[in-house]
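Please look over the model below before reading my comments. They are set out as numbered points.

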Amino acid sequence: MSIFFLPLISSGFAPRAKYKEKENLPVREAGPQLHQSRFNWSHLTPLELKDRTVGLQTQSTPESNPHFTLEGHKFLIFGGSIHYFRVPRGSWRDRLLKLRACGFNTVTTYVPWNLHEPQRGTFDFSGNLDLEVDVFDLPRAFVWMAAEVGLWVILRPGPYICSEIDLGGLPSWLLQDPELRLRTTDKGFVQAVDRYFDHLMARVVPLQYHQGGPVIAMQVENEYGAFAKDRAYMPHLHKALLNRGVVELLLTSDAENDVLQGSIKGVLATININSFQKNTFEHLERVQHVTLELQFLREDLQSGLCDSKADSFHTSFENDKRDKPIMIMEYWVGWFDTWGGKHMVKDADDYDAVLTEAGDYTKKYFKLRKLLGSVLASPLPPLPELIPKAVYPSVRPSLYLPLWDALQHLDEPVISSAPVNMESLPINAGNGQSYGFVLYETPICARGWLRAKVRDTAQVFLNETHIGTLDGGNQNLRIPKVKGCQLLRILVENQGRVNYSWKIQDQRKGVTGPVTINSTPLEGFTIYSLEMKTSFFDRLRSAAWRPVSNSSLGPAFYLGTLKAGPSPRDTFLRLLDWSYGFVFINGRNLGRYWNIGPQQTLYLPGAWLHPEDNEIIVFERSKSGSSLQTTDKPKL
């Protein structure tokens with residue numbers, strides 16, 4: 001069996017483990033063995049393997065079970081997932097070294113279309129999105145850095161990636177056409193994918209194994225079996241990759257019950273699971289033409305890789321029906337938190353992550369290191385030291401700027417007779433708005449019932465006075481009696497687009513229909529886009545900021561300075577008495593805070609801090625707090 005684990009780095013999936021030398025167990029003391037002989041692939045690493053003729057392949061003979069080979073040598077894929085776009089570039093090497101030190105030989109990553117092509121025809125592979133610059137360039141890009149560390153790479157380029165990312169990695173400008181059908185052979189969607197692949201594959205093809213790179217396999221789309229709206233779609237993507245020069249092993253990846261709908265001819269099918277059960281491979285067997293007998297044997301292997309009810313697994317194949325190796329593309333490591341819910345943490349023997357968001361070791365890390373060390377012939381690399389954390393002086397914002405005063409520093413507003421949803425705003429070279437807030441203004445001269453369909457949540461104001469909120473469950477609001485005519489303001493926040501299921505088709509944000517009072521449509525809107533881009537914060541520096549007095553109400557920006565000293569380190573930011581908003585550090589969006597929890601801290605990478613003074617801007621939607629604190633431990 002060829003198992004491909006995906007131990008995601010996450011802030012919310014697992015507690016940190018204390019780093020002790022005694023947990024760095026020598027290989028010879030490691031626990032039970034998967035096989036009678038140890039695996040030796042020290043000669044099968046990206047830097048050592050120079051003469052290349054045969055890449056990653058599957059093989060089945062009468063004398064052996066189906067397995068992978070690399071350059072003709074039997075090869076087991078032990079892989080972990082690190083998403084370069086989610087880890088600060090300055091921490092890439094640390095995370096990759098920790099993956100290698102755990103015993104893994106492969107790293108996988110998604111490639112997010114929405115981040116790499118934020119506007120049609122405008123591509124970004126810079127900074128934290130630097131996937132593939134030339135091997136001789138410094139600093140190393142992600143894929144070449146993985147090779148340098150000793151890891152092979154499996155790329156998952158989409159176009160849809162799921163990945164718990166906005167719209168599953170599809171760019172929001174695709175939503176401008178209401179007739180366009182996502183993840184199908186719809187002409188508009190296919191044309192957009194083809195243009196993206198033309199650019200992406202020109203960068204990716206030179207990274208392949210046969211061209212001296214570390215990429216040994218690529219995945220065709222992701223979990224299409226759960227969507228399955230168009231039988232011609234996956235074969236089209238398969239052909240699109242081949243036509244653009246992809247020659248390495250191709251894979252599909254689906255949940256165990258969806259593999260029949262998601263697999264395609266000529267591509268190795270793999271599955272995604274959260275635990276091993278007796279019928280885990282039932283559907284995959286039918287695709288791979290393999291009869292698999294699965295028995296759980298408690299005395300065989302105690303590794304923490306199986307579910308909590310069975311500590312081990314054993315597999316055997318009938319000799320006359322062997323075909324392809326079994327590959328688990330995603331062995332899930334946790335679940336995400338939802339605002340207002342409980343923090344989701346599981347036991348290390350079941351369902352949690354290997355590293356925290358800050359790169360700290362968890363109990364799962366040492367369990368896996370012990371397991372993988374027990375089957376490898378060569379000693380594991382030494383454990384990289386933990387990245388030190390720091391506690392800095394609290395930050396008390398000294399200045400604030402009401403949202404209404406900041407409007408003049410935005411780009412020119414859109415003037416429209418009717419509301420326009422976020423994605424269809426005629427801004428950003430016709431690509432609309434992807435993230436953030438939109439403010440809709442129109443004069444009203446009568447009271448009554450306001451009705452507006454908003455996505456996802458909105459604050460409603462008369463002039464600068466807050467009168468209520470709207471959201472998906474509440475589209476009506478009573479407008480009080482007004483003197484003369486007043487300015488109706490509706491501030492709508494996009495709280496993120498779903499990443500999975502057919503619902504991706506209906507993820508337009510902002511005001512998505514008519515705005516009425518007493519069933520009479522309102523007209524004459526001024527629409528401001530608040531994307532919170534770096535250029536906006538640059539312009540805010542020239543604004544007329546006001547001194548902070550006591551706690552203020554209403555949407556506003558708060559400015560403070562974090563003093564990090566001469567050598568900044570990682571830390572965690574905490575906003576104890578604030579309500580709801582976002583934190584920006586030196587123009588970077590650090591994330592959302594919300595007093596309903598469960599998350600109470602935001603990870604602040606030291607790589608994003610300057611020596612000494614750092615600008616912090618807080619956008620608070622309702623009631624401000626007094627200060628921001630830092631801590632050397634997350635509180636989730």
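The notes below go from the whole chain to particular pairs of strands and side chains.

1. Basis. This is a predicted model, in which local features need pLDDT of at least 70 and side-chain atom pairs count only at pLDDT 80 or more, while totals for chains, interfaces and linings use all residues. Residues are numbered from 1 along each chain as its sequence is written, and side-chain values use heavy atoms, with hydrogens and water left out.

2. Overall make-up. The protein chain holds ten helices and 32 strands; helices (H or I, at least four residues) and strands (E, at least two) are DSSP runs, numbered from the N terminus. The chain has 636 residues, and 56% of them count as buried. Here buried means under 20% relative accessible area, exposed over 50%, and partly exposed in between (1.4 Å probe, protein chains only). Of the contacts (heavy atoms within 4.5 Å) between residues at least 6 apart in sequence, 76% join residues at least 24 apart.

3. Helix 8. How many residues of helix 8 are buried? Ten of its 13 residues are, so helix 8 is largely enclosed by the rest of the structure.

4. Strand 14. Two strands pair if DSSP finds at least two bridges between them. Strand 14 (residues 399-402) pairs in the antiparallel sense with strand 25 (residues 546-547) over two bridges, and L399 has P547 as its bridge partner there. Strand 14 also runs antiparallel to strand 26 (residues 556-563), joined by four bridges. In strand 26, F557 is the bridge partner of L401.

5. The W335 and F336 site. F336 sits in the loop between strand 13 (327-331) and helix 8 (363-375). With W335 and M344, F336 makes a nonpolar surface patch of about 280 Å². Patches are made of residues with over 30% relative accessible area and no salt bridge, like charges being joined within 9 Å and nonpolar side chains (Val, Leu, Ile, Met, Phe, Trp, Tyr) within 5 Å. W335 counts as partly exposed at 43% relative accessibility, as does F336 at 37%.

6. Aromatic pairs. The whole structure has 35 aromatic pairs. Rings of Phe, Tyr and Trp (its six-membered ring) pair if their centres lie within 6.5 Å; planes under 30 degrees apart count as stacked, over 60 as edge-to-face and the rest as tilted. W335 and F336 have ring centres 4.7 Å apart and planes at 25 degrees, so this pair is stacked. For Y558 and W578 the centres are 5.4 Å apart and the planes at 85 degrees, so that pair is edge-to-face. Y558 lies in strand 26 and W578 in the loop between strand 27 (571-574) and strand 28 (580-585), so the pair ties together parts that are 20 residues apart in sequence. Y558 is buried at 1% relative accessible area, and W578 is buried at 2%. One aromatic cluster is formed by W339, F437, F536, F537, F557, Y580, F582, F584, W594 and F619.

7. Salt bridges. The count is 26, a salt bridge being a side-chain nitrogen of Lys or Arg within 4 Å of a carboxyl oxygen of Asp or Glu. Are E441 and R489 buried or exposed? Both are buried, and their closest N and O atoms are 2.7 Å apart in a salt bridge. E441 lies in strand 16 (residues 437-444) and R489 in strand 21 (residues 486-493), so the pair ties together parts 48 residues apart in sequence.

8. Partly exposed salt bridges. E531 and K533 meet at 3.5 Å, N to O; E531 is partly exposed at 21% and K533 at 35%. In the salt bridge of D538 with R541, the closest N and O atoms are 2.6 Å apart. D538 is partly exposed at 41%, and R541 at 48%. Salt bridges that share partners also join R455, D456, D506 and K509 into one network.

Methods
Accessible areas come from the Shrake-Rupley method with a 1.4 Å probe; for residues, only the protein chains shown count as cover.
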